[in-house]
Structures are given as C-alpha cells and as structure tokens.
Amino acid sequence: MKKALTILGGLFLVLLVALGGVIGFGVVQGGKLDVESKAYVDATLPRVLADPSASNFFSFIAPKDKAKLDAATIDQFAQKVSTSLGQFQSFDDLKGSSIAMFTPDGADIQAKYLARCHYEKGSVTATITVRKTGENWSLMGVFLNFDTLERNPAAPSRA
C-alpha cells in the first residue's frame, strides 16, 4: 500500500510541475503575443476601415479564411458603412488581449480587441479579431456595432 501511495504521490508531483511549466510558459509568451497582436491591429485597423471594400479586406485575411467570405456581402457592408458613417477618421486605444490554445494541429493563437472608431458622421464600437498562423498575424474579422452609434452633433441624422 505504501509503495502505491508513493508512486501516486510521485505522479501527482510530476503533474503539478508540468502544469506549473505550462502556466509559466503561457504567462511569458502571453505578454509577448499581446504586444505583437496589438501592434498588428494598430497598424491594420486604420487601413481596413479607411477602405472597407472586399478587395482591401481580403488583403489582410489568411488564405484559408478567404473561402469562407463572400466579396459581394462585404462590399454591401462597406457601402452601408460609408452611407451611414462617412469617412473613417480615427480610433481610440485598443482594449483586449491574445490567447493561445493548443490543439492536435498545433498552437492556435487568436486575439480580440475593442476600439471606439470615429467616423465623419458618428462613432461606433468595433470588435477586431486576429489570428497568428506561423509567424504572421492576419485579420479574422471586424464587427462594427451600430447599436453603440453616437452621431456627431454637426452630422445630419437619417430618420
């Protein structure tokens, strides 16, 4: 009985050390990934929102994600954004972080950020998701929440 408890205790100790190593690695890598993903979004978001057309949007999407998207739908959305909000002007500081998930296919690193985006006619909150494949970050999507729309006082309102 004592030998079985000793073996069980040893296995438990190995499990604790392995778990501590994974958590420590995640903390160190997490900070690095947060900086990388935020820098990518900071550089990419203004370029995407200034021209939300499908051809521009697709230039920031990973090849495996392009097949899931319809260019006509993206162009319709771009037209709606242009009509409703006007030209993109700026965005506030990003809030969010990245997360690394380990799957049988390897690491899947994704990041999600929120930003207040300012346009000619008003401001909306955007949710931006990105993914790291290999060494490259790519855009997964940009969701503009029109429920958070605040019209600029000088902009004409549409009824």
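**Entry 1. Terms and outline**

Helices (H or I, at least four residues) and strands (E, at least two) are DSSP runs, numbered from the N terminus. With that rule I read the chain along its sequence and noted the pattern α-α-α-α-β-β-β-β-β. The chain has 4 helices and 5 strands.

I recorded that this is a predicted model, in which local features need pLDDT of at least 70 and side-chain atom pairs count only at pLDDT 80 or more, while totals for chains, interfaces and linings use all residues. Residues are numbered from 1 along each chain as its sequence is written, and side-chain values use heavy atoms, with hydrogens and water left out.

**Entry 2. The chain as a whole**

I looked up how much of the chain is buried (under 20% relative accessible area; exposed is over 50%, and partly exposed lies in between, with a 1.4 Å probe and protein chains only). Buried residues account for 32% of the 159 residues.

I then looked up the accessible area, which comes from the Shrake-Rupley method with a 1.4 Å probe; for residues, only the protein chains shown count as cover. The chain exposes about 10100 Å², and carbon and sulfur atoms supply 63% of that area.

For contacts (heavy atoms within 4.5 Å), I considered residues at least 6 apart in sequence. Of these contacts, 56% join residues at least 24 apart.

**Entry 3. Helix α4**

I followed helix α4 over residues 71–85, which is 15 residues. From its first C-alpha to its last it reaches 21 Å, close to the 21 Å expected at 1.5 Å a residue. The expected span is 1.5 Å times one less than the number of residues.

Which residues of α4 are buried? I found Ile74, Ala78, Val81, Ser84 and Leu85. Seen down the axis of α4, these buried residues fall within an arc of 140°, so they line one face of the helix. The arc is that of the directions from the helix axis to the C-beta atoms. I noted the general rule beside this: an α-helix has 3.6 residues a turn, so residues three or four places apart point the same way.

After α4 comes Gly86, which has a positive phi near 80°.

**Entry 4. Salt bridges**

I searched the whole structure for salt bridges (a side-chain nitrogen of Lys or Arg within 4 Å of a carboxyl oxygen of Asp or Glu). The search finds 5 of them.

One of them joins Glu36 and Lys132, whose closest N and O atoms are 2.7 Å apart. This pair links distant parts of the chain, since Glu36 is in helix α1 (residues 2–50) and Lys132 is in strand β4 (residues 122–133), 96 residues apart. Glu36 counts as partly exposed at 23% relative accessibility, whereas Lys132 counts as buried at 11%.

I next examined Asp65, which is placed in helix α3 (residues 63–66). Is Asp65 buried or exposed? Asp65 is buried, with a relative accessible area of 9%. Leaving aside neighbours within four places in sequence, Asp65 is in contact with Arg131 and Met140.

The side chains of Arg131 and Asp65 meet in a salt bridge, 2.8 Å from N to O. Arg131 lies in β4 and Asp65 in α3, so the pair ties together parts that are 66 residues apart in sequence. Asp65 also forms a salt bridge with Lys68, at 3.4 Å from N to O. Lys68 is exposed, at 63% relative accessibility, while Arg131 is buried.

**Entry 5. Val48 in helix α1**

I located Val48 in helix α1, where Val48 counts as buried at 4% relative accessibility. Which residues does Val48 contact, leaving aside its neighbours within four places in sequence? I listed Asn56, Phe57, Phe60, Leu139 and Val142. I also noted Ser59, which is 11 residues from Val48 in sequence and 9.2 Å away in space, C-alpha to C-alpha.

I returned to β4, which holds Lys132 and Arg131. In β4, 9 of the 12 residues are buried, so the strand is largely enclosed by the rest of the structure.

Strands pair if DSSP finds at least two bridges between them. β4 and strand β5 (residues 136–151) pair in the antiparallel sense over 11 bridges. Thr129 stands opposite Gly141 in β5. The hairpin of β4 and β5 has 2 residues between the strands, and in this hairpin Gly134 takes a positive phi near 65°.
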